[in-house]
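Trainee: I would like to learn how to read a structure feature by feature. Could you show me the model and take me through it?

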Amino acid sequence: MPLPRLLTLIIGLSIILGLILWLIDSINRLYWSLNSPLLANLLVLLLIVLLILLIATFVYYVWTFSRPKSSRRRRPTPKVPQEKAEAASETLKAVRQQVQNIQDEVAQQALLSRSREIEATLARGELLVVIFGTGSSGKTSLINALIGQMVGQVGAPMGTTDQGQTYTLTLKGIERQILITDTPGILEAGVVGTQREQLARQLATEADLLLFVVDNDLRQSEYDPLRRLADIGKRSLLVLNKTDLYTETDKETILARLRQQVRGFIAASDVVAIAANPQPVRLDNGEDVQPDPDIIPLIRRLAAVLRAEGQDLIADNILLQSQRLGEDARRLIDQQRRRQAEKVVERFQWIGAGVIAVTPLPVVDLLATAAVNAQMVVEIGRIYGCDLNMERGRELALSLGKTLASLGIVQGAMQLLSRALQFHIATYLVGKAIQGVTAAYLIRIAGKSFIEYFRHDQDWGDGGMTEVVQQQFQLNRKDEFMKVFIQEAIARVVMPMREASEVKDLRDSQQDDWEH
């Protein structure tokens, strides 16, 4: 017990003992001076109660204030800044609503699981530090030095850290729990190396703070992922390891080059030099001595950053993770809608081709009735949550039809398909077949253009409808697509026309025979 508290206890007990002696004497005299025994007994009882309360109060004081401060008042876990926490919560709520529209149950459950993990992280308020870099840069040695115990295989060849491993780190002055995660090395060869790198990159994007470890200048293959992580908002420290292998002059030269390479997205003070696992040193007597790890510069910088920016790092990362989750949900929904819309386009293109093949029309009527089918526009809009009536569908269809004509795409499509079909169609079927297949082709371009229109919230973009239609025409005239399209057109349009023609010829022949 500290000396001041011990003195307080001795003085307090002395005072209480003196009061007890005084009370005993006073009570004795008062008792015999009173003529009423009942009143005297009540007075004695009251004084005894007061004495007990005084002793109890003193004992409580000594007991309470003699305990360590940490046992008297447990500090609450620091909270994530309220504004950013609320933004993350709102984003997660919106994601859960979006997920209900995803038909792929596996993808749906994966997104829900990730949203729960983000919520749990938000509640715990832990600091996640991720070690990232090539397999030979000494990442595991760094963790060993930070933790102060062996947690991995030091000096192992590239590729031994197959998955992220997380450990707890304590730094003075930081109340939050710090989790430090080792990751597989990047830039490893083979399919397995690529898979490990994908895991490392995923873990890096989830970090509150990133320690990017190198053992020399930044190669372009290292610079690119570091810059991409900075671009999405990752706070990073660049750690030059294995400095025991360099002279002091060489070390300073490398540090200067590193700071120059990352200038603009990593501060000069965030580039630090360490030797996590120094090479043994041979003494004059021939004995090998293992030097202690030299990681004090990193620990100081790490502690300074976490103390000053810890809350914001967690908040920014949680907000980033929730936003990325929302983007993933939107991307899955967009892919789902695109697949559904493309099925609608494919259905209408072959329906239109069949109708036009049976009843050939002039080019203008071909454009109006087939290439810009209003019902197709309405159905695509419905997939994207836009309820259009037929009148609005016809307006959009007519507008796109005029664009197709003004750009010369109708005529260009007929010429393109005529050349492609000329070796596959009998002479007497050429006209009908070309018009039918051209109708299918134009419907496809129109449908694909409308998909882009609805994908972007009924906005044609800066280039307007013209640019979108031209892009779709260029995409749908590539050789690899045309080969597949022509084959399908022959199967869906030309062959049925040929069979129908043969049946008609057979009936005509039979009719002639009957007449004769």
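Mentor: Gladly, and let us begin with helix 6 (residues 139-147), which is mostly covered: nine of its nine residues are buried. This is a predicted model, where local features need pLDDT of at least 70 and side-chain atom pairs count only at pLDDT 80 or more, while totals for chains, interfaces and linings use all residues. Residues are numbered from 1 along each chain as its sequence is written, and side-chain values use heavy atoms, with hydrogens and water left out.

Trainee: What do "helix" and "buried" stand for here?

Mentor: Helices (H or I, at least four residues) and strands (E, at least two) are DSSP runs numbered from the N terminus. Buried means under 20% relative accessible area, exposed over 50%, and partly exposed in between, with a 1.4 Å probe and protein chains only. In helix 6, the buried residues include Lys139, Ser141, Asn144 and Ile147. Just after helix 6 comes Gly148, with a positive phi of about 85°.

Trainee: Where is Ser137, and is this residue buried or exposed?

Mentor: Ser137 sits in the loop between strand 1 (127-133) and helix 6. Its relative accessible area is 0%, so Ser137 counts as buried. Look also at Val239: its C-alpha atom is 9.7 Å from that of Ser137, although the two are 102 residues apart along the chain.

Trainee: Which residues other than glycine have a positive phi?

Mentor: Asp457 is one of them, with phi near 55°, and Gln458 is another, with a positive phi of about 55°. Asp457 lies in the loop between helix 15 (430-455) and helix 16 (464-475), and Gln458 is also in the loop between helix 15 and helix 16. Asp457 is exposed because its relative accessible area is 67%, whereas Gln458, at 36%, is partly exposed.

Trainee: Now to charged pairs. How many salt bridges are there in the whole structure?

Mentor: The general idea is that side chains of opposite charge can pair when their charged atoms come close. The criterion for a salt bridge is a side-chain nitrogen of Lys or Arg within 4 Å of a carboxyl oxygen of Asp or Glu. A search of the whole structure gives 20 salt bridges. One of them joins the side chains of Arg257 and Asp217, at 2.7 Å from N to O. This pair links distant parts of the chain, 40 residues apart: Arg257 is in helix 9 (residues 248-261), and Asp217 is in the loop between strand 4 (209-214) and helix 8 (220-231). Arg257 is partly exposed at 38% relative accessibility, and Asp217 is partly exposed at 24%.

Trainee: Which residues do salt bridges that share partners join into one network?

Mentor: Let us build up to that pair by pair. Asp270 forms a salt bridge with Arg235, their closest N and O atoms being 2.5 Å apart. Asp270 is buried, with a relative accessible area of 3%. Arg235 also forms a salt bridge with Glu309, where the closest N and O atoms are 3.0 Å apart. Glu309 belongs to helix 10 (residues 296-358), so this pair ties together parts that are 74 residues apart in sequence. The network formed through shared partners joins Arg235, Asp270, Arg301 and Glu309. As for Glu309, 25% relative accessibility makes this residue partly exposed.

Trainee: And how should I read a pair of packed helices?

Mentor: Two packed helices are described by the angle between their axes and the distance between the axes. Axes are lines fitted to C-alpha atoms, for helices over the stretch in contact, and angles run from 0 to 180 degrees between N-to-C directions. Helix 12 (residues 374-383) and helix 13 (residues 390-406) pack at about 110°, with their axes 8 Å apart.

Trainee: Which word describes the angle of helix 12 and helix 13?

Mentor: Roughly perpendicular is the term for helix 12 and helix 13. Angles under 35 degrees count as roughly parallel, over 145 as roughly antiparallel, 65 to 115 as roughly perpendicular, and the rest as oblique.
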